[in-house]
Amino acid sequence: MAETIFALSSGAVPSGVAVIRISGSDAIDILRLLCGDVPEPRVACVRELCNPETDDMLDEALVLVFEGPASFTGEDVVELQCHGGRAVVAAVLEVLSGMDNCRPAEAGEFTRRAFEAGRMDLTEVEGLADLIAAETEAQRVQALRQMGGALGELYDDWRDRLIHMRAMIEADFDFADEEDVPGSVANEIWAECQILINEIGNHLARSRSGERLRSGLQVVLMGAPNAGKSSLLNAIAGRDVAIVTEEAGTTRDVIEVHLDLEGYPVTLVDTAGLRQTEGVVEREGIRRARERGETADLILWAVEPGGVEANDPESGLPETIQDWVPVWTVRTKSDLETLPERDSSGTTLDIPCSVKSFEGMEGLLSHLSSFAEETISVGEEPLATRQRHRHYLIECQQALSDALAGANLPLELRAEELRQAADALGRITGRIDVEDLLDVIFRDFCIGK
């Protein structure tokens with residue numbers, strides 16, 4: 001029998017209310033020891049909580065009971081809504097830790113029990129984790145949709161279709177002599193196989209936006225030393241994040257700021273200035289700058305009057321980065337120069353702004369917000385949000401392609417490819433063979449969830 005677990009689920013104390021959650025086969029018996037009688041399920045009642053050994057009163061709390069399997073974890077669950085003082089919470093937790101077959105919960109253990117009880121699939125678990133971590137409105141909406149089961153339902157539908165296709169093939173060669181089984185049933189399902197390949201391909205292409213939304217758009221500040229990158233970072237962030245001096249090469253490491261632009265998550269990254277240098281530390285900073293530029297969604301190339309342009313062959317951006325990462329030129333000290341004509345075509349914006357007078361800053365932020373919306377707007381459809389999803393979707397698509405291409409192979413082998421494709425989808429939702437993934441998925445949850 002699984003141990004009964006407990007944890008403070010409402011966050012740090014002191015607080016107005018502290019919610020202590022208890023889950024397991026002994027949860028209701030433990031509540032009876034604490035307050036003498038047990039309220040009706042799902043009816044909130046005020047009860048005095050007492051230490052069962054000394055009969056000393058611990059607190060007066062609002063008590064709720066959720067009987068399994070109709071609870072979050074699928075087990076009997078009790079919630080104690082206590083006063084949120086440190087001493088109150090510590091006293092209740094200490095009494096619970098002394099109960100038989102009762103121990104503190106590990107990170108994500110309540111949610112893990114919900115998964116193991118079939119209350120949630122893995123995509124819903126991941127959606128819940130994303131909802132807890134959501135920092136912007138768009139992230140919240142996407143996480144809620146995934147937690148609600150939309151993504152899992154899509155993958156389950158694909159898996160059901162694959163299982164049906166495989167059943168039809170097996171019927172074709174197992175019952176070929178039966179009159180009620182149409183001849184050459186297998187031939188009719190390969191068109192459906194191609195349709196499914198196309199659906200998965202379109203889903204993968206659209207899901208780039210979902211992955212970006214979850215992790216945040218990566219906007220990297222690059223340029224020559226002393227071009228105003230750190231000042232621009234501070235101006236956009238609205239606080240002093242990076243050290244700013246007149247000395248070139250002050251920034252040696254990567255500095256990140258997380259922004260919410262019109263509901264979309266953006267990570268703004270300040271990097272070391274690009275130049276030829278003998279210094280070991282600065283050279284490492286430049287290497288890291290180029291590395292972040294290679295993985296950026298957008299590069300803001302900072303230029304001071306007469307400074308190094310992004311396409312400079314000596315100290316500008318490497319052509320390998322310019323070829324596929326959008327680059328906007330930001331003239332950071334526009335109050336000191338005559339402004340050039342602005343090119344607003346495509347992805348090659350030339351934006352003048354001044355971090356001293358803040359002239360042009362509003363326009364820069366507006367362009368960034370529009371870029372974020374265009375790049376990571378996801379609409380209403382469920383999308384893959386993690387590399388794990390993408391890995392198994394590609395594995396499924398490849399198995400389907402192999403089955404479709406194996407026209408000269410025995411039908412049994414082609415049916416096996418369909419089984420492997422269905423299994424790949426099952427691993428995304430946790431239907432099969434995911435035990436080795438569970439510790440990785442649940443370790444990032446907070447205690448009490």
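A: Let's start with a cluster: Glu-3, Glu-75, Arg-103, Glu-109 and Arg-113 are linked in a network of salt bridges. A salt bridge here is a side-chain nitrogen of Lys or Arg within 4 Å of a carboxyl oxygen of Asp or Glu. By that rule, the count comes to 27 salt bridges.

Before going on, a word on what you're looking at. This is a predicted model, where local features need pLDDT of at least 70 and side-chain atom pairs count only at pLDDT 80 or more, while totals for chains, interfaces and linings use all residues. Residues are numbered from 1 along each chain as its sequence is written, and side-chain values use heavy atoms, with hydrogens and water left out.

Now for some individual pairs. Asp-130 and Arg-386 join their side chains in a salt bridge, 2.9 Å from N to O. Asp-130 sits in helix H4 (residues 122-133) and Arg-386 in the loop between H11 and helix H12 (387-405), so this pair ties together parts that are 256 residues apart in sequence. Helices are DSSP runs (H or I, at least four residues), numbered from the N terminus. Both Asp-130 and Arg-386 are buried; buried means under 20% relative accessible area, exposed over 50%, and partly exposed in between (1.4 Å probe, protein chains only).

In helix H1 (residues 27-35), Asp-29 and Arg-32 are 3 residues apart, about one turn of the helix, and their closest N and O atoms are 3.0 Å apart in a salt bridge. Asp-29 is partly exposed at 41% relative accessibility, and Arg-32 is partly exposed too, at 39%.

Over in helix H13 (residues 411-429), Glu-416 and Arg-419 are also 3 residues apart, about one turn of the helix. Their salt bridge has its closest N and O atoms 2.5 Å apart. Arg-419 counts as partly exposed at 26%, and so does Glu-416 at 29%.

Note on methods: Helix = DSSP H or I, 4+ residues; strand = E, 2+ residues; numbered from the N terminus.
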